[in-house]
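Trainee: I am new to this structure. Please take one part and go through it closely with me.

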Amino acid sequence: MAGPLIEVEHIAKIYRMGEVEVHALRDVSLAIVEGESIAVMGPSGSGKSTLMNILGCLDRPSRGNYRLAGREVSQLDRNALARLRNRTLGFVFQNFNLLARTSALENVELPLLYAGLSGRERRARAREALARVGLGERAHHHPNQMSGGQQQRVAIARALVTRPQLIVADEPTGNLDSRTSVEIMALFQELGRNGITLLLVTHEADIARYAARVVVMRDGRVQSDQRQQPVEAVPAPEAEAGEAP
Amino acid sequence: MSPFQVLRVAIRALLRNKLRSFLTTLGVIIGVSAVIAMVAIGEGAKARVAEAFASMGSNILIVLSGSTTAGGARGGFGSMPTLTWEDLKAIRAEASAVRYAAPQLRSNSPVVSEDQNWTTSINGTSPEYFQIRGWALASGSMLSQSDVDSGTKVVLLGQTVVAKLFGASADAVGQTVRIKNFPFQVVGVLASKGQSPMGHDYDDAVYMPHSTFQAKIQGGLQKFIPGSIIVSAASSDDVPRAERQIRNLLRDRHRVPVGADDDFSIRNLAEMASARQEGVETITTLLLAIAAVSLLVGGIGIMNIMLVSVTERTREIGIRMAVGARPRDVLAQFLVESLTLTAFGGVVGVPLGVLAANLLSTRFGWPVLLRMDIIVIAVAFSGVVGVAFGMYPAQKAARLDPIDALRFE
């Protein structure tokens, strides 16, 4: 790809709460190239979630430009944003956000349903994605039959299944114990080696270590933006992937 | 997302809350079956009235003689004969909107068979009468013009008279009956026609040529018709024209001065029939309105539950939007859910309504008439209810902001 995958220029987000204007983002410029792994850090209220929502095409900036994969998206309507979320990126949330009473396989199939794929193709690709996160054997388990780590793996499979260029993860290890967290980060690093760009929002410095670039937000602006040699995530040997605690 | 996929997702969502979905759809089931049963009852009543008027004849006008005034007591229409045989001929010849005209002479008298007797209405008329009434023979032959011309002593019997004189299943044709001591030969038996809209038994009557009637049963002046004239218009549209033509013709012939009252009266049975029909129509509409209200209430129930469902599933909506569901995908999903509820209500409601209609007809003997088009309309209307009442909740879901929806606890 010629340009950067993500290019934001002077974006701002202002919420109106009654009389008061809240400047969630004041002025942020950022460029992320394909294959990068970035951790966005900052205290609560620093604007990192707002930035993530905008970069994840869940929200639009009040001002400024956002080019995703070379396309200006800051002014797109809700339908076009939905299409981008479906085709170009995948989400991973802190609380997994899987559909309850729905099997892992069907959860992973969900984005493909909106992409309009046939049932056969959906199932094949969902199985492939589940195998990739090490849950090939648990396709028919429901979220309430799985551990937190396994549920997050299903969520990652769901993010992967559309073969996106970018994965946006919002505190993906926030609800997991440290050992499982390392497993998840190892999985992300492996995806990164396969060329997927990772945008990780976290407030844990431990987790940020695994990223190659750390952006620290404060009061709606970028406070620092540094590259680093990422620590390789090595899961503890007894933590067998897919095993319930 | 293909329509089939949307439907599958909707059905799964509804099956999550089986009891709730069933109770919600129950309102529609009751509404649809009520519409079908009520319309069946209304249509049945309408058909019964129409049938009753059909046996009376169609497009009929009756011309009555004028009234007498004797010592201040006014005698009512028909009390003074003003209609002449020449009038009848003139109506036949000159009123272009008239198809048939026949005299109606009536008297009550006992009719005697070999071993039974029965007092019934004796009618003198001409062959046109049966054309006007639309009555057919069960057996034998009709009165003929030659019977009228030569005053033959022949009679046609109604079914009730046959039953009273000869027994229910007897064949009376060829038998002889005596009226006022004159022997009459039975040439035909009329097919059963049932009751008039006023409860008069059309089958309890004897018909003979009017010439014979005047000669043997009830005399009167030769010039005047001792009864009325029954007329049928060429078509239902011609009835008012026929009435006008007859009125002008008779006023002219009777030399009624301009501005004076008619010395005769014309009754329009078609008007009476349509008044009755309108009455039944009103009742049908009323029943349908009540049933439609119950369908409406069912729709409100659906809207209520769909609103609850949207709120409950806010998070699910957020997840779907995050992975790429467009607002219209969400709209479609909830709309199809409410449509599925009403469609199910329609599908179950139709046989239930048919069953209710049949039950009413067998239990209470109410005439019911199931109309296919009403069934189709009822089901279609329940679909409309589904869309109409599902639209607001579905739009509410589609307008949710994905970020807020994901945060919803």
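Mentor: B:Glu337 is buried, because its relative accessible area is 1%, and the cut-off for buried is under 20%. Keep in mind that this is a predicted model. B:Glu337 sits in helix H11 of chain B. What does B:Glu337 touch, not counting residues up to four places away in sequence? The list holds B:Ala10, B:Ala13 and B:Leu14, and also B:Met306, B:Ser309 and B:Arg313.

Now move out to the interface. Chain B puts 27 residues in contact with 25 residues of chain A. The two chains bury about 2300 Å² between them. Carbon and sulfur atoms carry 52% of that area.

Look next at the charges. One salt bridge is counted between chain B and chain A. Its partners are A:Glu106 and B:Arg12. Their closest N and O atoms are 2.2 Å apart.

Which elements of chain B give two or more residues to the side that touches chain A? There are helix H1 (3–16), helix H10 (314–322), helix H11 (327–364) and helix H13 (402–407). H11 of chain B is also the helix that holds B:Glu337. The largest share of this side comes from H10(B), with six residues. By type, the side of chain B divides into 13 nonpolar, three polar and eleven charged residues.

Cross over to chain A and look at its strands. Strand E1 (residues 6–17) and strand E2 (residues 20–32) run antiparallel, joined by nine bridges. A:Met17 stands opposite A:Val20 of E2(A). The hairpin has two residues between its strands. There, A:Gly18 takes a positive phi near 65 degrees.

Another pair of strands in chain A runs parallel: E6(A) and strand E7 (residues 166–170), joined by four bridges. A:Leu89 has A:Leu166 as its bridge partner in E7(A). Are the faces of strand E6 (residues 89–92) of chain A covered or open? Both are covered. A:Leu89 and A:Phe91 are buried on one side, and A:Gly90 and A:Val92 are buried on the other.

Go on to the salt bridge of A:Glu106 with B:Arg12. End at the parallel strands E6(A) and E7(A).

Notes. Residues are numbered from 1 along each chain as its sequence is written. Chains are lettered from A and ligands numbered from 1 in the order in which they are written. This is a predicted model: local features need pLDDT of at least 70, side-chain atom pairs count only at pLDDT 80 or more; totals for chains, interfaces and linings use all residues. Side-chain values use heavy atoms; hydrogens and water are left out. Contact means heavy atoms within 4.5 Å. Buried area is the accessible area (1.4 Å probe) that two parts lose on being put together, summed over both. A salt bridge is a side-chain nitrogen of Lys or Arg within 4 Å of a carboxyl oxygen of Asp or Glu. Ala, Val, Leu, Ile, Met, Phe, Trp, Tyr, Cys and Pro count as nonpolar, Asp, Glu, Lys and Arg as charged, and the others, Gly among them, as polar. Two strands pair if DSSP finds at least two bridges between them. Buried means under 20% relative accessible area, exposed over 50%, partly exposed in between (1.4 Å probe, protein chains only).
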